[in-house]
Amino acid sequence: MSAMAEPGTAQHAPRQHVVVVGADTTTVRLAEELVRSGEQLVVIAHGENPRGAIADIEALGCQMIIASQIREAELRAAGVERARAAVVLGDDDVLALRLGLMIDELAPGLRIVIEMTNPRLGGRLTSLIGDCTLLSSAELAAPAFVAAALATPDTQSFEIGGRTV
């Protein structure tokens, strides 16, 4: 069921769900994959997010929280203390690091995955947070681009997100 909630409203987040911070095309793809895997999501969209991405996420049945900024109240409204994992997406590495630390404080031991444009900036974060993974979209995508660019008819294909590449 899709729903928009403001922090502090009576709407309750599910248990054992995944909290996702962000609302861009990466968030849409992540939501598609997690929903396909049977996960429940609560997505916190903040700042100037494209309305199209929010509509796409809602169409997947994800619970949405729209906020101008993310504070403890928004994370609690998303049920981060009851979540099975949290994912922080976006291109603001400083915000991502701050949110990672805040999530760890609210839900110690929670699995946290953070998208970083500069993973070296957050390199020490993994020593401060028990179960944290930093991922760079550019580093993950580069091998797929190389494989596609150099593909020949005899090159083996592989599947990413239900699509053969």
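This is a predicted model: local features need pLDDT of at least 70, side-chain atom pairs count only at pLDDT 80 or more; totals for chains, interfaces and linings use all residues.
A search of the whole structure identified 8 salt bridges. One of them pairs arginine 84 with glutamate 39, with a separation of 3.2 Å between the closest N and O atoms. This pair connects distant parts of the chain, the two residues being 45 residues apart. Arginine 84 belongs to the loop between α3 (72-77) and β5 (85-88), and glutamate 39 to the loop between α1 (25-36) and β3 (41-46). Arginine 84 is partly exposed, its relative accessible area being 46%.

A salt bridge also joins the side chains of arginine 71 and glutamate 74, at an N to O distance of 2.8 Å. The two partners fall into separate accessibility classes: arginine 71 has a relative accessible area of 41% and is partly exposed, whereas glutamate 74 has a relative accessibility of 2% and is buried. In the salt bridge between arginine 76 and glutamate 81, the N to O distance is 2.4 Å. Here arginine 76 is partly exposed at 39% relative accessibility, and glutamate 81 is partly exposed at 34%. In general, side chains of opposite charge can pair when their charged atoms come close.

Helix α4 comprises residues 93-106. The buried positions are Asp93, Leu95, Ala96, Leu97, Leu99, Gly100, Met102, Ile103, Asp104 and Leu106. These buried residues pack against strands β2 (18-21), β3, β5 and β6 (111-115) and against helices α3 and α5 (125-128).

At the start of α4, a side-chain oxygen of aspartate 92 comes within 3.2 Å of the backbone nitrogen of valine 94. Aspartate 93 lies in the helix itself and is buried, because its relative accessible area of 7% is under the 20% cut-off. A polar atom of the aspartate 93 side chain lies 2.9 Å from the backbone nitrogen of asparagine 118. With neighbours within four places in sequence left aside, the contacts of aspartate 93 are Glu115, Met116, Thr117, Asn118 and Leu121.

Threonine 117, listed among the contacts of aspartate 93, also has a C-alpha separation of 7.3 Å from serine 137. Serine 137 and threonine 117 are 20 residues apart along the chain. Serine 137 is located in helix α6 (residues 137-150) and is partly exposed, with a relative accessible area of 33%.

Aspartate 131 is situated in the loop between α5 and β7 (132-135). Its relative accessible area of 28% places aspartate 131 in the partly exposed class. The C-alpha atoms of aspartate 131 and leucine 110 are 6.5 Å apart, although the two residues are separated by 21 residues in sequence. Leucine 110 is also one of the contacts of aspartate 131 when neighbours within four places in sequence are left aside; the others are Gly109, Arg111 and Ile112.

Key: Residues are numbered from 1 along each chain as its sequence is written. Side-chain values use heavy atoms; hydrogens and water are left out. A salt bridge is a side-chain nitrogen of Lys or Arg within 4 Å of a carboxyl oxygen of Asp or Glu. Helices (H or I, at least four residues) and strands (E, at least two) are DSSP runs, numbered from the N terminus. Buried means under 20% relative accessible area, exposed over 50%, partly exposed in between (1.4 Å probe, protein chains only). A polar contact is a pair of N or O atoms within 3.5 Å; within protein, one must be able to donate a hydrogen and the other to accept it, and residues adjacent in sequence count only if both atoms are side-chain atoms. Contact means heavy atoms within 4.5 Å.
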